[in-house]
Amino acid sequence: MSAPSPRRWTALALIATAQFIVIMDTSIIGVALPRIQEDLGFSQENLSWVFNAYVVAFGGLLLLGGRLSDLFGARRLFGAGWLILLAGSLVAGIAPEVLAELTGRAVQGVGAALIAPSALTLLMMLFGHDPKELTKALALYGAAAPAGGTAGVFLGGVITEYLSWPWVFYINIPIALVALLATGPLMPAAQPQRGSVDVTGALTVTLGLGAAVYAIVRAPEIGWASAQTWLVLAAAVALLAAFVAIQARRRQPLMRLSIFRTPNLAAANLTQLLLGGAWIPMWFFLNLYLQQVLGYSAFPSGAALLPMTVLIMIGMIVLAPRTINRFGPKTTTVTGLALLAAAMAWLALISPDGSFATDVLPASLVAALGMSLAFIPSLGTAISSARPEEGGLASGIVNTSYQVGSALGLAAMTAVAAANGAAQLGNLPALTSGFSAAFIGAAGIALLGALLAAATLRSHASVPADEVATSSR
């Protein structure tokens, strides 16, 4: 076994930065959207695609990004992802009209889809030699996600107010340049694997996932009962079924179907899917409650989420590793999801004349604790359960699970909220009733996740860390 890299913790800082940026890019545009609409001529109906173009490209290409990471080397794909993200950010910033703006955002999503799985693979290569170091590294990596989400809200408000909206995209450029310069010296190299890219499989799964995400994010706008929604969903199902059939027949498939027979891998990915499906709606509707019911503007609303974000980071970095070491990943995951369900049920008690101190802060802190306990062990289990040479694929699968779960959960809870009064802007009791219904629905998703994790996760079934380290080099 080769010695661990002396620069591994510096490399982890870059890997965590990658996670921070790909999540930040989903939230940083929120405050800037009205200015973008005014300057570029977006209609109210298609303005949401400034957000959705990124999400569809990101979610649809993660699986392919993971496979390419295995075939060509995680370090190469990591660098390529930063280069593509840089190009997309430049296009989005200088865009003179709608199509150019959406193209830039989609290119950003492509770059993120290469960065995310290769970053996780590099983390495993750097820290797989020591289970305790690996848990700490995953904790720091995981904490970068909520930090990026909250920072996006802050930075979007500050940049839009004091500079101009193109800078919400330009901010990526110097970070990407530093990342490109640092990737070679810091990141471990791996021999590219022999094999070919399953182009047909890649095309069908990317189109299938993209169509599914497209239908999900569009459904709240055009209606779940519309023919367009169900036609696109049917096309997504047909494409994904074709992908499965192709993978079953090919000698070198994009995704080995038997990978899901690996102990814990399918269970951990299901946990991540439900975790995303519960957490993202909670974060989304909590923000709306602060702004539309309590009357906070965008910047104070972001500040109100800071205690929750800080506790998540502390929980992931300090508490989760200790809890995993003492009680194991299964118990920690189940406990985290149960706490998250309880916190969302508590949030469902919000009132139209409530306050941050009583209606938001206590429950949001319990939610933060639950998220920090559930995310790290389920992520680590999903990655370490796969064969080391399929680390990129496993990373792509778990990222896809979380992103698709987030899109599904948010779309479903948006429909629940609208059906219970959230569409009545200005009617505070109706808005509160709708948001409360969404919190109850998200609590149900988290509770289902806790029950399924308890039933399906095995306590001692992951790949040993020393095996991961040996085979990843």
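Where pLDDT is low, the predicted coordinates should not be read in detail. For the chain as a whole, the average pLDDT is 85, and 93% of the residues score at least 70.

The domain assignment divides the chain into domain 1 (1–187), domain 2 (199–253) and domain 3 (259–459). Between the C-alpha centres of domain 2 and domain 3 the distance is 25 Å. Four residues from domain 2 and eight residues from domain 3 take part in the contact.

About 510 Å² is buried between domain 2 and domain 3, and carbon and sulfur atoms give 92% of this area. On the side of domain 2, the residues that lose the most area to domain 3 are Ile 216, Pro 220 and Trp 224, which together make up 69% of what that side buries. The side of domain 2 that touches domain 3 consists of four nonpolar residues, with no polar and no charged residues.

In the whole structure, the search finds one salt bridge. Side chains of opposite charge can pair when their charged atoms come close. The salt bridge is formed by Glu 133 and Arg 8, whose closest N and O atoms are 2.9 Å apart. Because Glu 133 lies in helix α6 (residues 131–162) and Arg 8 in helix α1 (residues 8–27), the pair ties together parts that are 125 residues apart in sequence.

Key. Residues are numbered from 1 along each chain as its sequence is written. This is a predicted model: local features need pLDDT of at least 70, side-chain atom pairs count only at pLDDT 80 or more; totals for chains, interfaces and linings use all residues. Side-chain values use heavy atoms; hydrogens and water are left out. Domain bounds come from an automatic or database domain assignment. Contact means heavy atoms within 4.5 Å. Buried area is the accessible area (1.4 Å probe) that two parts lose on being put together, summed over both. Ala, Val, Leu, Ile, Met, Phe, Trp, Tyr, Cys and Pro count as nonpolar, Asp, Glu, Lys and Arg as charged, and the others, Gly among them, as polar. pLDDT is the predictor's confidence in each residue, from 0 to 100. A salt bridge is a side-chain nitrogen of Lys or Arg within 4 Å of a carboxyl oxygen of Asp or Glu. Helices (H or I, at least four residues) and strands (E, at least two) are DSSP runs, numbered from the N terminus.
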